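Please work through the exercises below with the structure at hand, trying each task before reading its solution.

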Amino acid sequence: MRPAVSREIRLRERPVGLPTAETFEMAEAPVAEIKEGQFLVRNIWMSVDPYMRGRMMDRRSYVAPFEVGQPLAGGCVGQVVESKHDRYRAGDYVLGMNGWREYWITSGAGVGKIDPKLAPIQAHLGVLGMPGLTAYAGLLKVGALKEGESVFVSGAAGAVGSVVCQIAKAKGARVVGSTGSAEKAAWLKSEAGADEAINYRDAGDLTKAVAKALPEGIDVYFENVGGAHFDAALANMKDFGRIVVCGMISQYNATSAEPGPSNLGLVIPRRLRIQGFIVTDHADLRDQFLADMGGWIGQGKLKWRETVVEGLDKAPEAFLGLFRGDNLGKMLVKVGPDAVV
Ligand code: NDP
């Protein structure tokens, strides 16, 4: 069962601007024999996420930078193929943080078991996993959404944004999402809970487009994109509105500092609250999140999409695709076949 080597993708060099194929390198590492208290996992799925761009830089942040010459890491779902651990058996499905490789050995720290009967296993990297909890904690705790309020979401057709739209809808909000294609905008309206959807690539003046979609103004703005979206949202905020700053993907590859919003002064007369957050600070909400999500899924209020790229060697392309908008819903990489045990 144990292979001699495991393929893995390493950070070859730190990117400046948009990463390229040169940023990554495929390598092979020997797979050791497992010791007492350890188990060996074969990855089936791995996640590519925008935050990984930040980890490619050598800077102080909430998570350590990736090391040049070392394998990248991130969310993954796999199956235990050999175990000398009393709580894990061959055949168990697990969620871990050892993506970007085929096999990994662990003593179980930071690893959780997955019940494959609950949902497709890869849902734990998306709607039932980190992006889903980000949407839930950001909208309901940080944004303190109240029944019947109005919500504007940028990056609305992605993993986080599409869950934000649907939770907001389930809470009775009027929801407007912004995204980068007509196809994604149509999906937001037909399936993902948006009352209106803006295709920011052909919307012209974004401030006017948001005003037209939400003439009453915005109570909660869920920020995934930054730049012109931040300006447009600020201009349309209601008094005492909340801006939840989840991400600013439009700036992750910038090579020089972007100017801030030209209308930031509006926070004073409109008495706005702007708050950033990191999902890992809200792990205490996990049980409540899973219970609520289970309920909404059962009631047909929560749907999700996945964009799947096949093969570990294609993981860099999948990652780069996040910055081109290649994905509808969660971007995933299928690393290996489903069950073999
Ligand atoms: P997505 O699934 O939303 O994928 C990224 C999407 O961003 C793309 O599909 C694209 O969609 C959009 N995008 C890319 N570049 C630009 C650009 N220059 N301008 C506008 N839109 C762009 O990713 P996630 O759902 O995983 O993440 C969404 C955001 O949430 C990111 O900013 C991420 O960093 C953040 N995040 C923050 C967390 C936290 O703890 N604070 C945790 C998880 C995510 P389109 O076609 O619509 O342009």
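Predicted model: local features only at pLDDT ≥ 70, side-chain atom pairs only at ≥ 80, totals over all residues.

Residues are numbered from 1 along each chain as its sequence is written, and side-chain values use heavy atoms, with hydrogens and water left out.

**Exercise 1.** Find how much space lies in the largest cavity, and state which helix gives the largest share of its lining.

Solution. Begin with the term: on a 1 Å grid over the protein atoms alone, a cavity is a set of points where a 1.4 Å probe fits but cannot get out, whereas a pocket is an open set with protein on both sides within 12 Å along at least five of seven lines, and lining residues have an atom within 4 Å of a point. The structure holds one cavity of 30 Å³ or more, and the space in the largest cavity is about 90 Å³, a volume being the space filled by probe spheres set on the points. Next, look at the lining, which includes Gln122, Ala159, Trp304 and Lys330. Helix α3 (residues 159-170) supplies the largest share, three residues; helices here are DSSP runs of H or I with at least four residues, and strands are runs of E with at least two. Finally, sort the lining residues by kind, which gives five nonpolar, four polar and three charged.

**Exercise 2.** Describe the second largest pocket by its volume, its central residues and the elements around it.

Solution. The second largest pocket has about 220 Å³ of space. It is lined by 14 residues, and those closest to its centre are Leu118, Ala119, His124, Leu128 and Leu290. Two or more lining residues come from each of β7 (112-114) and α7 (286-298), and α7 gives the most, with four residues. By kind, the lining holds eight nonpolar, three polar and three charged residues.

**Exercise 3.** How many disulfides does the structure hold, and is cysteine 76 buried or exposed?

Solution. With a disulfide taken as a pair of cysteine sulfur atoms within 2.5 Å, a search of the whole structure finds zero. For cysteine 246, the nearest cysteine sulfur belongs to cysteine 165 and is 12 Å away. Cysteine 76 counts as buried because its relative accessible area is 0%, and cysteine 246, at 22%, is partly exposed; buried means under 20%, exposed over 50% and partly exposed in between, with a 1.4 Å probe and protein chains only.

**Exercise 4.** Work out where phenylalanine 240 and arginine 271 lie, and give the phi of each.

Solution. Most residues other than glycine have a negative phi. Phenylalanine 240, in strand β12 (residues 237-245), has a positive phi near 65 degrees. Arginine 271, in the loop between β12 and β13 (273-276), has a positive phi of about 50 degrees, and this arginine is partly exposed, with a relative accessible area of 43%.

Notes:
Nonpolar A, V, L, I, M, F, W, Y, C, P; charged D, E, K, R; others polar.
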